[in-house]
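Thanks for asking me to look this one over. My comments are set out below as numbered points, to be read with the structure open beside them.

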Amino acid sequence: MIRLHCNPRAVRGVPGDAELSIVSLAAARAAHTEMSAWPTFVPTPLRSLDPLARSSGVAAIFYKDESQRLGLGSFKALGGAYAAGIAIREWQAQHPGGDLAAVTLTCATDGNHGRSVAYGARRYGCRCVVHMHEHAPPDKVAAIQALGAIVVRIAGTYDDAVRFAREASMRPNWLLIADTSDDVTDPTPMRVMQGYGVLVLEILETLPSPPTHVFVQAGVGGLAAAVAGSFAEAYGDLRPTFVTVEPERAACVFESGVLGRPATVAGSLETQMAMLSCGEASPLAWKVLERFADAFITIDDDAAVAWTRRLSSGADGSPAIDVGISGAAGLAGLQSALADAAVKRALKLDEKSRVLVIGTEGGPNPATPPL
Ligand SMILES: Cc1ncc(COP(=O)(O)O)c(C=O)c1O
């Protein structure tokens, strides 16, 4: 089952100052300048899945493979660690001569953002306390602990963990490195999204031809906003059709599209796309998505699981790809759209379409990276 909602508020043209203050190519370049000096930084590959494109009836499928990003297993490595570095420099400016060992970085996570923040804490010699809800996957918990962070398990959902982290951060010398916030002026979630802009810069540099469509999976919407805003800035009126993809049971960005404002969805939010298990859309991300997301779709777990298997087994003659279920959700969204005649028509997908998807994470069992 796929659900589609087309966004009546979507516009063409370049972003204005309001959107550019949240995500911009200039901010992404600044993030790139900083991160490219990190010893483990290397650009990730953009793969052209030609046999799969042929069997799917489209001209091209470009797959940005984030499985090896900074040795941390997902694109999230770009956001939390970068924002943590800035927050730490600000703390140092306010506490001249202060000992970083007295600082605690904290956040909430489904798994990947927390790993990025824990990596940042280890780089800078701070403590780190990561809040994770009761259903967060054990391999993600272990990967965060392996970086020296303390994991606090929270009854409830990701959104409950977000609130716990915010409360915990009220303690002296605790710095909240959040990837979402109710406060649209909070600079930290903005910096997290600007860090994601690095992957967009790499895509823009390596794309053999401009895409006609981009499918990006959404949790709170931060990645989707970073990609949609940057493509709108780069291509203006000629930007690709931008589609967000979410699990049916945690579709807060989809609901935001329906309501026309940042939405909250209730329920357990349980999904095999475990990193997309978020019930409250980021109000900051929504500011960008409400103008530059053309459509929102939801997909079943079954589709994401099936496409994870297919990608990781190298089916269709494409090389086998290291991918987790949340990582395959963008491609599963594209394939679910192609399989539904009405959705395919509404999104104008045809044999001329060149589609960009982002493989946002690798499979389970991540190893601990070097600094
Ligand atoms: C693998 C993966 N893909 C996609 C997302 C969605 O990112 P966002 O929450 O910024 O929408 C996440 C978020 O944690 C993730 O870990």
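1. A salt bridge here is a side-chain nitrogen of Lys or Arg within 4 Å of a carboxyl oxygen of Asp or Glu. Please keep in mind that this is a predicted model. By that criterion, the structure holds 15 salt bridges.

2. Let me begin with D179 and K76, which form a salt bridge whose closest N and O atoms are 3.0 Å apart. This pair links distant parts of the chain: D179 lies in the loop between β7 (174-176) and α8 (187-206), while K76 lies in the loop between β3 (60-65) and α4 (80-94), and the two are 103 residues apart. Both D179 and K76 are buried.

3. A second pair to look at is R239 and D294, whose side chains meet in a salt bridge at 2.7 Å, N to O. Here too distant parts of the chain are linked, with R239 in the loop between α9 (222-235) and β9 (241-247) and D294 in the loop between α11 (283-292) and β10 (295-299), 55 residues apart. R239 is buried, and D294 is buried as well.

4. Next comes a pair within a helix. D160 and R163 form a salt bridge, with their closest N and O atoms 3.3 Å apart. Why are D160 and R163 separated by about one helical turn? Because they are three residues apart in helix α7 (residues 158-168).

5. Some of the charged side chains go beyond simple pairs. K64, E66, R69 and E202 are linked in a network of salt bridges.

6. Turning to helix packing, α8 and α9 pack with their axes 9 Å apart and at an angle of about 50°. That angle makes α8 oblique to α9, and α8 passes α9 in a right-handed crossing. On the α8 side, the contact is made by M193, Y196, L199, V200, I203 and L204. The α9 side contributes G222, L223, A225, A226, V227, S230, F231, A234 and Y235. Sorted by class, the contact of α8 with α9 has 13 nonpolar residues, two polar ones and no charged ones.

7. Both of these helices come up again around α2. In helix α2 (residues 25-35), the residues L25, A27, A28, A31, E34 and M35 are buried. What covers these buried residues of α2? The cover includes α4, α5 (112-124), α8 and α9.

8. Finally, a look at the loop between α12 (301-312) and α13 (329-338), where P319 is found. Leaving aside residues up to four places away in sequence, P319 touches L311 and G314. P319 and R47 are 272 residues apart in sequence, with a C-alpha to C-alpha distance of 9.3 Å in space. S318 is found in the loop between α12 and α13 too. At 8% relative accessibility, S318 counts as buried because the cut-off for that class is under 20%. With residues up to four places away in sequence again left out, S318 touches L49, P51 and L52.

Key: Residues numbered from 1 in each chain as written. Predicted model: local features only at pLDDT ≥ 70, side-chain atom pairs only at ≥ 80, totals over all residues. Heavy atoms only, no water. Helix = DSSP H or I, 4+ residues; strand = E, 2+ residues; numbered from the N terminus. Buried < 20%, exposed > 50% of the residue type's maximum accessible area, 1.4 Å probe, protein only. Contact = heavy atoms within 4.5 Å. Axes fitted to C-alpha atoms, helices over the stretch in contact; angles between N-to-C directions. Parallel < 35°, antiparallel > 145°, perpendicular 65-115°, else oblique. Left-handed = near helix turned anticlockwise from the far one by under 90°. Nonpolar A, V, L, I, M, F, W, Y, C, P; charged D, E, K, R; others polar.
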